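Colleague: Could you walk me through this structure, one question at a time?

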Amino acid sequence: MSLEEARQKGWDELDIILITGDAYVDHSGFGTAIIGRVLEHAGFRVGVIAQPDWTSKDAFEVLGKPRLFFSVSAGNADSLVNNYTPLLYKRESDMYSPGGQPGLRPDRAVIAYANRLRQAYPDIPIVAGGIEASLRRFAEFDYLSNDVRQSVLADAPVDLIVYGMGELQIKEIAARMNSGEKISEIRDISGTVWKMPVREWKNIKNQTENDSKSEMNDSKSEMNESKSEPGYESKREAEHESEYSKSLKSDSYIELPSFSEVSENKEQYARAFKIIYENQNPVSGKKLVQPHPKTVIIQNPPMRELTEAEMDEVYELPYLRLEHPSYEEGVPGLDVVKNSITSHRGCFGGCSFCAITQHQGRAISNRSEESIIREAETIIDSPDFNGIINGIGGPSANMYGMSCPTWEKKGACTHKNCLVPTVCPSLNSSHDRLLKLLKTLREMPDVRKVLTGYGVRFDLAIQDDGYLETLCQYHVGGQLKVAPEHFCDNVTAAMRKPNRAAFEKFEKKFKEVNKDLGLKQFLVTFQISGHPGCTMENAVEMAEYIRDNNRYTEQVQDFTPTPMTISTCMFHTGLDPFTMEEIYVPVTRTEKKMQRVLLQFRNPDNREMIQKALETAGREDLIGSGPHCLVPASRNRYNNYY
């Protein structure tokens, strides 16, 4: 992170410099640390500029000019999600900054950083990666501006985007540039997005149309000339063309509705989203092209998942598992992951409000048991280890070792969900491999507890009584956090989550198992308010269900339209992108507030807003002192509530 540190390693220059919106934490829970260690392991000299002052180019010059390229990332979270609450208030803290200090990263960090880099070093290539660049790679609805913005590749002076999990892509980019290739020539790596001039795209389209006409004419005329004879190739094919133009002609690609179309027409936006979603499959995904006013965005098919051996290698690189020593205060985000272990990547849950499918994919990539145990030994040997491994999992807690026979040859299905409305019979949903791993971990010396933490997929858990019993007996610390998200079936259907009956079945089993074990343990449920499909009537129904079943919790998240999710597409368009049917969307700030407070009806601070919500829904019967009322009548009933 400084030239002095580089000199201590015997480096007189850096090959690659990573710019990140997070504080630098050398732990595999932080994307910049993974990319840096992967590149270092491949033989490259890597520097990191963490949370630079984006108001001046000076902060981007502290490590000098890299020999190969800069890489830019907003950090572990999209900068707008990181900086703003669901109601677009500025957040008061940042878990990825020293001491939780807010305001150390700009809005739309990838664009801000790239602009300053281009000022400082006009000729040095810039590669963008991380969650922000990955999920804003096409024209995308932007919640802060309440508008559709261009691809970040069109808005920022970036040469290439790495999307998805980027280890394989970044290594290949670095190796090819190290061998002398220019960044403008690197147009064929899976899991990357690049751009070409509008004029060149028009030439390609015109030539493709001419080729189609020529092929039709050729098929009608019975040509006797042998294809093996010299001179068969047409003059057109002998013309000088860029390599990526040839590639685009020979490959199968889909042209998406243009930026102009998706920004002006919500049906076109929904149509484009569906095509993008259905081509996030490394096996069957096609190249996607989206014209913008001043450039054309081309996405290559997704990169394949890491093999088990590759996953082991990535997570066993020599991370120090600490914040950089230059920080006087700790980084709160490290506390969350320091004593946890990543066992797998990917999630086949397919929740509408989650972008993991678009970033990590639906197929599960596993680490070996041996690799996970070695990381556990490293944690145990830490001087501050308290005997508790506080998490083992990935995007979910209980998909480790699960697989589907279609993944290897066809990739994950694009026409159906693996878990909703029921668990697909083709899916190997056995918890056996996970149970074996958990047993080994909890029996390790000096380990008092291995907690599961948040992320148990309960519709999978109820498939396996052995897993649920083991979970309750050994891996729950009094409370198990699960996320039914909603209790109205029409809303859970829009969310692509299990319905109410599935949750109630799990809840019943959870209580029975704990009773048999003689344990007092409780479920803490997470809910989302204001999700597309949820009407005020649904919000009231939710409140009544919570009241009647004692499911009250403060763990309520107001729906936030984050980039490249099904739910965000619904929020913006009012359409289900897969059926093109209209769906109700609570869009006003007032209604979103009312839906949220209904789920928190016991909070006295919410009383007046709850009363307003019930009046709006025509449910004044729930206002008063009766046993079924949600809120007492306010003396100032007709005052301004918001």
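Modeller: Gladly, and a definition comes first. On a 1 Å grid over the protein atoms alone, a pocket is an open set of points where a 1.4 Å probe fits, with protein on both sides within 12 Å along at least five of seven lines, and lining residues have an atom within 4 Å of a point. This is a predicted model, in which local features need pLDDT of at least 70, side-chain atom pairs count only at pLDDT 80 or more, and totals for chains, interfaces and linings use all residues. Residues are numbered from 1 along each chain as its sequence is written, and side-chain values use heavy atoms, leaving out hydrogens and water.

Colleague: Which residues lie nearest the centre of the second largest pocket?

Modeller: This pocket has a volume of about 570 Å³, where volume means the space filled by probe spheres set on the grid points, joined across faces, edges and corners. Its lining has 23 residues. Those nearest the centre are Met 1, Glu 5, Tyr 24, Arg 37 and His 324.

Colleague: Which element gives the largest share of the lining of the second largest pocket?

Modeller: Helices (H or I, at least four residues) and strands (E, at least two) are DSSP runs, numbered from the N terminus. Two or more lining residues come from each of α1 (3–8), α2 (31–41), β3 (46–50) and β13 (322–323). The largest share, 4 residues, comes from α2.

Colleague: Why does Asp 78 count as buried?

Modeller: Asp 78 sits in the loop between β4 (69–73) and α3 (79–83). Leaving aside neighbours within four places in sequence, Asp 78 is in contact (heavy atoms within 4.5 Å) with Ile 131, Glu 132, Arg 136 and Pro 563. Asp 78 counts as buried because its relative accessibility is 6%.

Colleague: Which side chain does a polar contact of 2.8 Å join to that of Asp 78?

Modeller: A polar contact is a pair of N or O atoms within 3.5 Å; within protein, one must be able to donate a hydrogen and the other to accept it, and residues adjacent in sequence count only if both atoms are side-chain atoms. At 2.8 Å, the partner of the Asp 78 side chain is that of Arg 136.

Note on methods:
Buried < 20%, exposed > 50% of the residue type's maximum accessible area, 1.4 Å probe, protein only.
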